[in-house]
Amino acid sequence: MGLTLKEILYTFEKIENKIAYHKQFLTDLDAAIGDGDHGINLSKGFRVAKEKIKDREFKDWGEIFKTVGMAIVSSVGGASGPLYGTAFMKASMLGKGKIEITMEDFRDILKVSIDGIKMRGKGEKGDKTMLDALIPAYDEINYGIENNLSELNILKNSVESARNGVEYTKLIAARKGRASYLGDRSIGHQDPGATSSLMILEVVFDTVNELRS
Ligand code: ADP
Ligand code: MG
């Protein structure tokens, strides 16, 4: 994998594009079980982040992630802003002095992101949140590294697991966030935050696939 700083900036640019492209879809998912702002929130956060990292020199990826995290926290009002922001800020601490993201780094980024989201939102797997996409993706990456799978296969499997996690959110009731106010009436709808997390993971796979195959 070995993503360079330039490639990491490119990846964030693609994340911003994808979230902006699916802004309405994410907002519609949130309208069904929340307040209909998830796409608006996230696309704003990543747009501000993109502007902050544009035309800047970074000495390590810690600085890039910190800039992105702070931009998201300061520009997104909903629950997802502080949660995604925390994830990127936690990850930024791993990137101090590092000019490349390896597969092991990516695993660790997901690990500290998940821990940060759990700490901040008091959620767990099965609560119908972004964690239901991120935790299966992390488990798959761990499995792939331990079993020496090829990097593209690891990333592809992680996306597949996250996608299954998103599907699973349709079957369960929300226990965290606004959707939890609906209780069992949230069953049958896929979680917007899990969906946006899946989109981010898809971009990572697509970008590495584009750059390395
Ligand atoms: P808000 O709910 O404040 O309107 P958003 O609509 O932007 O914020 O984001 C909603 C998403 O945030 C949910 O779909 C869910 O995935 C995620 N979320 C909400 N609360 C939590 C929590 N406590 N832990 C993890 N994720 C959460
Ligand atoms: Mg919302």
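Trainee: Where is Ile 117 found?

Mentor: Ile 117 sits in helix 6, which covers residues 103–121; a helix here is a DSSP run of H or I with at least four residues, numbered from the N terminus. This is a predicted model, so local features need pLDDT of at least 70 and side-chain atom pairs pLDDT 80 or more, while totals for chains, interfaces and linings use all residues. Residues are numbered from 1 along each chain as its sequence is written, chains are lettered from A and ligands numbered from 1 in the order written, and side-chain values use heavy atoms, leaving out hydrogens and water.

Trainee: Why does Ile 117 count as buried?

Mentor: Its relative accessibility is 4%, and buried means under 20% relative accessible area, exposed over 50%, and partly exposed in between (1.4 Å probe, protein chains only). So Ile 117 is buried.

Trainee: What is Ile 117 in contact with, beyond its neighbours within four places in sequence?

Mentor: Its partners are Leu 83, Ala 87, Lys 122, Met 130, Leu 131 and Leu 134, where contact means heavy atoms within 4.5 Å.

Trainee: How do you know that Ser 197 is buried?

Mentor: Ser 197 has a relative accessible area of 1%, so it is called buried. This residue lies in helix 9. Beyond its neighbours within four places, Ser 197 is in contact with Tyr 84, Met 130, Ala 133 and Leu 134.

Trainee: At what angle do helix 8 and helix 9 pack?

Mentor: Helix 8 (residues 151–169) and helix 9 (residues 192–212) pack at about 165°, with axes 9 Å apart. Those axes are lines fitted to C-alpha atoms over the stretch in contact, and angles run from 0 to 180 degrees between N-to-C directions.

Trainee: And why is helix 8 called roughly antiparallel to helix 9?

Mentor: Under 35 degrees counts as roughly parallel, over 145 as roughly antiparallel, 65 to 115 as roughly perpendicular, and the rest as oblique. The angle of about 165° therefore makes helix 8 roughly antiparallel to helix 9.

Trainee: Are Asp 30 and Asp 35 buried or partly exposed?

Mentor: Asp 30, at 9% relative accessibility, is buried, whereas Asp 35, at 35%, is partly exposed.

How values were computed
Helix = DSSP H or I, 4+ residues; strand = E, 2+ residues; numbered from the N terminus.
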